[in-house]
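This report examines a protein model together with its sequence.

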Amino acid sequence: MRRPFIAGNWKMNKVNAAASELAISLKDKIADLDGVDVLVCPPFTALNCVLEAIKGSKIALGAQNIYWQKEGAFTGEVSAQMIKSAGCEYVIIGHSERRKYFSESNQEINKKIKAALAADILPIVCVGETLEEREQAREEEVVRSQLQEGFDSLAEQDLEKITVAYEPVWAIGTGKTATTDQAEQMHAFIREWFRQAYSSKAAENLRILYGGSVKPGNIKGLIGQSNIDGALVGGASLDPETFGEIIKFSVA
Ligand code: PGA
């Protein structure tokens, strides 16, 4: 059985005081909850204060991106080793906003996954098609090449440390969620890809999160699907009440 996993992607939101406040409220809100893994991914600048705020809770800390080099003359970049030293267990890799606004390619994403694993950081690898690609019925082709290129030369044992997030770009921050059927269909497709590329065991153990306008009102329907193991939540993770409800509903 795969354990539910709810991750909050704060994106470029929250200065330090607000980040601490949000983390503390969330910690209180879900203090008695069990049976679900919870992660928050604040901006780099707030990692330290959020780490303090979540001490003594089961909430894990993650970053939203890394560069694949360990160190050196790469102005403005942050390495896997650096986020590790800041207390992170996880990193989001290949989010569609990074692909779109920062031109991240599948090849770069592959390097970032390898860099995270080498630093003992657990990658959450995002895939998903744009609206145009879905309208052209190319969603499976697009996700397949994101997986083929993104996971190039990764071993089966690496998969044990990886979570995949399916985020249809047209559903991110738009209020449009994929229907549970649309989401489940793609999750099943992704799991099948891993079955073919690795093994049934690897595919069965892999957690696949859904992302894109997840809210307290739709989480139950999503997580009730056999191939949906949790959610990567953007906007709704910025409010402790709302995010707390999503977490509660994921185990109820
Ligand atoms: P959203 O973002 O929940 O605001 O749609 C999801 C994401 O981008 O990870």
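## The start of the chain

Pro4 is located in the segment before S1. The model discussed here is a predicted one. Is Pro4 buried or exposed? Its relative accessibility is 17%, and a residue counts as buried when this value is under 20%; Pro4 is therefore classed as buried.

Leaving aside neighbours within four places in sequence, Pro4 is in contact with Gly35, Val36, Asp37, Arg207, Ile223, Asp229, Ser250 and Val251. A separation of 31 Å lies between the C-alpha atoms of Pro4 and Glu135, two residues that are 131 residues apart along the chain.

## Helix H11

One of the residues in contact with Pro4 is Ile223, which belongs to helix H11, formed by residues 216-223. Which residues of this helix are buried? They are Pro216, Asn218, Ile219, Leu222 and Ile223. When the helix is viewed down its axis, the buried residues of H11 fall within an arc of 155°, so they line one face of the helix. As a general principle, an α-helix has 3.6 residues a turn, so residues three or four places apart point the same way.

The buried residues of H11 pack against several elements. Three of these are strands, namely S1 (5-9), S7 (207-211) and S8 (230-233). The helices H9 (180-197) and H12 (240-251) are also packing partners.

## A serine in a loop

Ser79 lies in the loop between strand S3 (59-63) and helix H3 (80-85). With a relative accessible area of 3%, Ser79 is buried.

What does Ser79 touch, if residues up to four places away in sequence are not counted? Its contacts are Ile66, Tyr67, Gln69 and Lys70. For Lys70, the backbone oxygen lies 3.0 Å from a polar atom of the Ser79 side chain.

## The ligand and its surroundings

The ligand has 13 residues around it, of which Lys11, His95, Glu167, Gly173 and Ser213 come nearest. By class, this shell comprises four nonpolar, seven polar and two charged residues.

Methods
Residues numbered from 1 in each chain as written. Predicted model: local features only at pLDDT ≥ 70, side-chain atom pairs only at ≥ 80, totals over all residues. Heavy atoms only, no water. Near = heavy atom within 4 Å. Nonpolar A, V, L, I, M, F, W, Y, C, P; charged D, E, K, R; others polar. Buried < 20%, exposed > 50% of the residue type's maximum accessible area, 1.4 Å probe, protein only. Helix = DSSP H or I, 4+ residues; strand = E, 2+ residues; numbered from the N terminus. Arc of directions from axis to C-beta. Contact = heavy atoms within 4.5 Å. Polar contact = N/O pair within 3.5 Å; in protein donor to acceptor, adjacent residues only side chain to side chain.
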